[in-house]
Amino acid sequence: MKRILFLVLFLILLPCAPVRADTTDMPREDPALSAEDYYSAQFEESGAGELPYSLPEEARESLGDLGVADPDWRNIQNVTPQGIFSQIAAVFGEKGQAPLEAAFSVLAVMLLCALVNGMKLSFGDKPLGGAIGLVGVLCVCLAVIRPVVSCISSAAQVIQGAAGFLLACVPVLTGILLASGQAVSAGTYNLLVVGAGNVISIFSAGLLVPLMNVFLALSIASSLSPGLNLSGLCGWFSKAAQWGLGLCMTVFTSLLTVQSAVAASADSTASKAAKFLLGSFVPVVGGALGDAFTTVQGSVQLLKSGVGAFALLGTLFIFLPAAAECILWMLTLNLCAGIGMIFDLKEIDSLLSAASKAVGLTLAFVLCSMAVIMISTALMLVMGGGSA
């Protein structure tokens, strides 16, 4: 019986062969993603690669010369102070041609007027003569006023273009803040900066050029007709504009600082709570999920730093041409006005001083607009909350 039973079992088991599962078509588990992989994916999905196309052509070329073609943090690391100062010097050299030509023309007119005055030629009761003084002021107007008006108009266009770039950056930076778990900071940044960008755009398009042209026209009228005595009105307008800019900057900066500080505290608390819950209440893999959460946050913070630095550099090179042109015109007009005082050419000196004040107010508007954009971006980087 034992032999028969053994034979039966042998015959049953004989056709059976060892088998194993075929894993050729089964999906294999991917290796753990690195922070670089997370960063690349988030860079593509955030839309940060489209930001360079929101810049004006001149600013994009300047950033390209610096080696910053996009907001990638590796490109930002290549920026050196020497490169930035080289670009600044190039912009000043390019914008210095028109003020230099105007300076030669104004100096020629003033020398001719001084020559007539020195020869004691009288055209009225004044030593220089009313007719010669009027002709000299008109010649200076032809040499100075048109390029100054063009400078004011180009500054307004630059401010409007910078506001457009700011509004293009807001969705990208807001999305990055949301992805990093900083919802409160994202809401604060989006609300305040979008409001500031729209106000800057509307102001530059509808108010800056008309106001500066009116101020310049009043100054010219005051220089041509000293009897009108418009210097007091022009001085009041200049002081009111400066006080208004200072007040707006103080209110905006204070509000943004307070809101950013509160939002950063709330976001930091929420981020730490989320990591604690992952590590404590998710069984078995809770610690790994907490580490992955930290890795993702770190890559998002790296992306935020790169985009924020790109926004700061882009803002700098958007405003640099307008600021350089205004600074050069102010230096030129003040220098010529000083020479006019030496030759006792009061009418020409008054006209050049008034034109310098108009350019100075335009420069103040440009710098305040640049400060609003750069302060908001810098506060987003510093107080937007770090990785937990």
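In this predicted model, helix α3, spanning residues 57–66, packs against helix α5, spanning residues 81–95, at an angle of about 140 degrees. The axes of the two helices lie 10 Å apart, and the crossing of α3 past α5 is right-handed. On the side of α3, the contact is made by E58, S62, D65 and L66, while α5 contributes G83, I84, Q87, E94 and K95. Sorted by class, the residues of this contact comprise 4 charged, 3 polar and 2 nonpolar.

Side chains of opposite charge can pair when their charged atoms come close. Here E57 forms a salt bridge with R60, and the closest N and O atoms are 2.4 Å apart. With a cut-off of 4 Å between a side-chain nitrogen of Lys or Arg and a carboxyl oxygen of Asp or Glu, the count comes to 1 salt bridge.

Attention now turns to the largest pocket, which has a volume of about 470 Å³. Its lining consists of 18 residues, and those closest to the centre of the pocket are V199, I200, L245, C248 and V372. Which helices each supply at least two residues of this lining? They are α8 (183–224), α9 (231–281) and α11 (346–383). The largest share comes from α9, with 8 residues. In its composition, the lining of the largest pocket has 15 nonpolar residues and 3 polar ones, with no charged residue. The contact of α3 with α5, by comparison, includes 4 charged residues.

D344 is placed in the loop between α10 (286–342) and α11. The phi angle of D344 is near 60 degrees, a positive value in a residue other than glycine.

Conventions
Residues are numbered from 1 along each chain as its sequence is written. This is a predicted model: local features need pLDDT of at least 70, side-chain atom pairs count only at pLDDT 80 or more; totals for chains, interfaces and linings use all residues. Side-chain values use heavy atoms; hydrogens and water are left out. Axes are lines fitted to C-alpha atoms, for helices over the stretch in contact, and angles run from 0 to 180 degrees between N-to-C directions. Helices (H or I, at least four residues) and strands (E, at least two) are DSSP runs, numbered from the N terminus. A crossing is left-handed if the near helix is turned anticlockwise from the far one by less than a right angle, and right-handed if clockwise. Contact means heavy atoms within 4.5 Å. Ala, Val, Leu, Ile, Met, Phe, Trp, Tyr, Cys and Pro count as nonpolar, Asp, Glu, Lys and Arg as charged, and the others, Gly among them, as polar. On a 1 Å grid over the protein atoms alone, a cavity is a set of points where a 1.4 Å probe fits but cannot get out, and a pocket is an open set with protein on both sides within 12 Å along at least five of seven lines; lining residues have an atom within 4 Å of a point. Grid points are joined across faces, edges and corners, and a volume is the space filled by probe spheres set on the points.
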